[in-house]
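Trainee: I would like to learn how to read a model such as this one, feature by feature. Could we look at it together?

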Amino acid sequence: MADVVYLHLGAPKTGTTYIQDRLALNRPTLARHDVRYPVGSNGDMFRPALDLVERPWAGLQRDVEGEWDALVRRTQRAKGSVIISHEILAGANREQVERAVTSLAPADIHIVVTARDIARQVPAEWQERLKHRHVSSYRRFVRRIERRPRSEPAKSFWQVQDLTRVLERWSSQLTPDHVHVVTVPHPGAPHDELWRRFCRAVDVDPAWAPLDSVRRNPSIGAAETVLLRRLNARLRTEGLQQADYATLVRQLIVHETLAARGTAEKVTLPPTSYDWADEIADRWHDWLVGSGVDVVGDLDDLRPVRPAPDAPWKNPDRPRQREVTDVTMEALVAVVMEAARRTPPDEQLTARVGKVARRLRER
């Protein structure tokens, strides 16, 4: 069994995609320093994490049975330290946490949580849900997060985004020095600051992972979110398969086209919500200081940065119609070009038959 296991739990939208990709890219050099990232054949730890938390996810729950145990076996065969990372682990309940910790014993277990201020997390989580076929308006989403914490989508939001609740569930069997909170720096920090903070938490020299990641999970703007909500609503009645949605909508339209525009208006917290966000930050701050857990970074990074008093706020539910038209055209062009690139199925069959015929003639 590995001597030390670091369980990186997320939270979602805290730079986890970047961290995981950088770990994967540098697996060989990390291994030379007895640091293992045992992703297995799937390239990441989504399937084991999904198996542990037992969440319904596009019908995959049965397909991932046994994946957590397989990850544990890879960990048992490792030497040195092991890093396990996926953001949906943050949503594990107490029974699932106990299963995870027990299965990894007798390794010395640490948990690592990357945390970002709630003012940035709310719009980021809303957009992420839109990329998974949701249709809720921003106004409704924010209102439920603030005022109805036991309703959906607020309940699932707070299950992974309430820093103190996540830490209470995961740290109950650990001493404070085995619990590490890595704060996500505010915009303007050096590009690799989050990575360096994460490395300190998992006792890794940043020089052991020289390859930088180019993967991002970027946000989209107001006009883009309106297009996505309308498209999701229409597709609900068309029976589009989840795999096709992931390829055509989430990857092609959102990530490769809309997120790459570079001109999107950033979605931010409504000005009236900043007092509430400050209360959340105060609660997190007091808990972290009182608990004695290891904080890597600056606690002030968990405090929202208020906009200037005279700064206008643009409602993401009501962008200018011309902007919506522009992004719609870009999405349509992307889909048309993708359709043109793909060989029609009947032509694929003709090509395969022709290839077989040529081989028969050559005999």
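Mentor: Let us start with how helices are assigned: a helix is a DSSP run of at least four residues, and helices are numbered from the N terminus. Under that convention Ile118 belongs to helix H6, which spans residues 118-130. Please keep in mind throughout that this is a predicted model.

Trainee: Is Ile118 buried or exposed, and which residues does Ile118 touch beyond those up to four places away in sequence?

Mentor: A residue counts as buried when its relative accessible area is under 20%. Ile118 has a relative accessible area of 1%, so it is buried. Leaving aside residues up to four places away in sequence, Ile118 touches Phe157, Trp158, Trp276, Ala277, Ile280 and Trp284.

Trainee: Where does Arg322 lie, and does one call Arg322 buried or exposed?

Mentor: Arg322 is part of helix H14, residues 321-341, and because its relative accessibility is 69%, Arg322 counts as exposed. The C-alpha atoms of Arg322 and Gly239 are 29 Å apart, with a sequence separation of 83 residues.

Trainee: How should I read the packing of two helices, and at what angle do H3 and H4 pack?

Mentor: Two packed helices are described by the angle between their axes and by the distance between those axes. Helix H3 (residues 46-53) and helix H4 (residues 67-77) pack at about 120°, their axes being 7 Å apart, which makes H3 oblique to H4. The crossing in which H3 passes H4 is left-handed. On the H3 side Arg47, Pro48, Asp51 and Leu52 take part, and they meet Glu67, Trp68, Asp69, Leu71 and Arg74 of H4. Sorted by class, this contact of H3 with H4 has four nonpolar, no polar and five charged residues.

Trainee: What do the corresponding values look like for H7 and H8?

Mentor: Helix H7 (residues 138-147) packs against helix H8 (residues 154-161) at an angle of about 65°, with the axes 9 Å apart, and the crossing of H7 and H8 is right-handed. Here Phe141, Arg144 and Ile145 of H7 meet Ala154, Phe157 and Trp158 of H8, so that the contact of H7 with H8 has, by class, five nonpolar, no polar and one charged residues. Phe157 and Trp158 are also among the residues that Ile118 touches.

Trainee: How many helices and strands does the protein have, and how does its radius of gyration read?

Mentor: The protein has 15 helices and six strands. A compact globule of 363 residues would have a radius of gyration near 21 Å, and the protein's 23 Å agrees with this. Buried residues make up 48% of the 363 residues.

Terms used. Residues are numbered from 1 along each chain as its sequence is written. This is a predicted model: local features need pLDDT of at least 70, side-chain atom pairs count only at pLDDT 80 or more; totals for chains, interfaces and linings use all residues. Side-chain values use heavy atoms; hydrogens and water are left out. Axes are lines fitted to C-alpha atoms, for helices over the stretch in contact, and angles run from 0 to 180 degrees between N-to-C directions. Angles under 35 degrees count as roughly parallel, over 145 as roughly antiparallel, 65 to 115 as roughly perpendicular and the rest as oblique. A crossing is left-handed if the near helix is turned anticlockwise from the far one by less than a right angle, and right-handed if clockwise. Contact means heavy atoms within 4.5 Å. Ala, Val, Leu, Ile, Met, Phe, Trp, Tyr, Cys and Pro count as nonpolar, Asp, Glu, Lys and Arg as charged, and the others, Gly among them, as polar. Buried means under 20% relative accessible area, exposed over 50%, partly exposed in between (1.4 Å probe, protein chains only). The radius of gyration is taken over C-alpha atoms; the globule rule is 2.2 Å times the number of residues to the power 0.38.
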